[in-house]
Amino acid sequence: MTRWFPDGIPQPMADPEAVPWWEAAAGHRLVVQRCTACAHTRLPPAPICPACRSDGADWQEVSGRGSLYTYTVVHRPIARDQEVPFVVAVVALEGAGGVRLVTNLVETPLDALEIGLPVEVAWEDMSDLLAIPRFRPARDPSTATHEPRKGSGRND
Ligand SMILES: [Zn+2]
């Protein structure tokens, strides 16, 4: 079991809408919420679809691959014994209908950071009940695909 962040890091607070998401995460399954009326995907979870206002929803498992949408490098620790710098990233999830996830990049040299970098999920078990999806460079980038995004300006 690999750990990248110390136990003292502030832990996420799950609201009722997000409990199924965290339960899936505990089993190392990355899911997005999907509207059962119009198939719009959303994350973070919400009680109402922003596209059609339906309150019907289920959970769609995604591949765990994606690409680096944007990032920032943080040089101040937020917990005791935390290694710095660390990377806060937004990952565009493959096969998730355009959903992006705010996360951390791990195992990534700073000079390898590049928008569009193919990444894959790397689960960090913080406890028996809490697993957090971090991301690292895809081990086999040839298997990563990029979903074209309108207006993003670059898709490679
Ligand atoms: Zn909908």
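Two strands pair if DSSP finds at least two bridges between them. Helices (H or I, at least four residues) and strands (E, at least two) are themselves DSSP runs, numbered from the N terminus. Keep both in mind, and look at V32: in strand β3, Q60 stands opposite V32.

A word on the source. This is a predicted model: local features need pLDDT of at least 70, side-chain atom pairs count only at pLDDT 80 or more, and totals for chains, interfaces and linings use all residues. Residues are numbered from 1 along each chain as its sequence is written.

Now the overall picture. The protein has 1 helix and 8 strands. Along the sequence, the pattern reads α-β-β-β-β-β-β-β-β. There are 156 residues, and 25% of them count as buried. Buried has a cut-off here: 20 or more other C-beta atoms lie within 10 Å of the residue's own. With 12 or fewer, a residue is exposed, and in between it is partly exposed; the C-beta atoms are placed from the backbone.

Back to β1, residues 31-35. How many of its residues are buried? The count is 5 of 5. Both faces are covered. V31, Q33 and C35 are buried on one side, and V32 and R34 on the other.

What does β1 pair with? β1 and β3 (residues 57-61) run antiparallel, joined by 5 bridges. β1 and β2 (residues 41-42) also run antiparallel, with 2 bridges. Take R34. In β2, T41 stands opposite R34. In β3, the bridge partner of R34 is D58.

Why does P44 count as partly exposed? Because P44 has 13 C-beta neighbours inside 10 Å. P44 and V102 are 58 residues apart in sequence, yet 9.7 Å apart in space, C-alpha to C-alpha.

That brings us to contacts. Two residues are in contact if their C-beta atoms, placed from the backbone, lie within 7 Å. Take the contacts with a separation of 6 or more: 54% of them join residues 24 or more positions apart.

Next, the core. A nonpolar core is a set of buried Ala, Val, Leu, Ile, Met, Phe, Trp, Tyr and Cys residues joined through C-beta atoms within 7 Å. The largest one has 20 residues, and V32, V91 and L93 touch the most other members. β1, β4 (65-74), β5 (86-93), β6 (100-105) and β7 (118-125) each supply at least two residues. Which strand gives the largest share? That is β5, with 4 residues.

Stay with V91. Leaving aside neighbours within four places in sequence, V91 contacts residues including G66, L68, L101, V119 and F135. V91, in β5, is also the bridge partner of L68. β4 and β5 pair in the antiparallel sense over 8 bridges. β4 also runs antiparallel to β7, with 3 bridges between them. There, S67 stands opposite P118 in β7.
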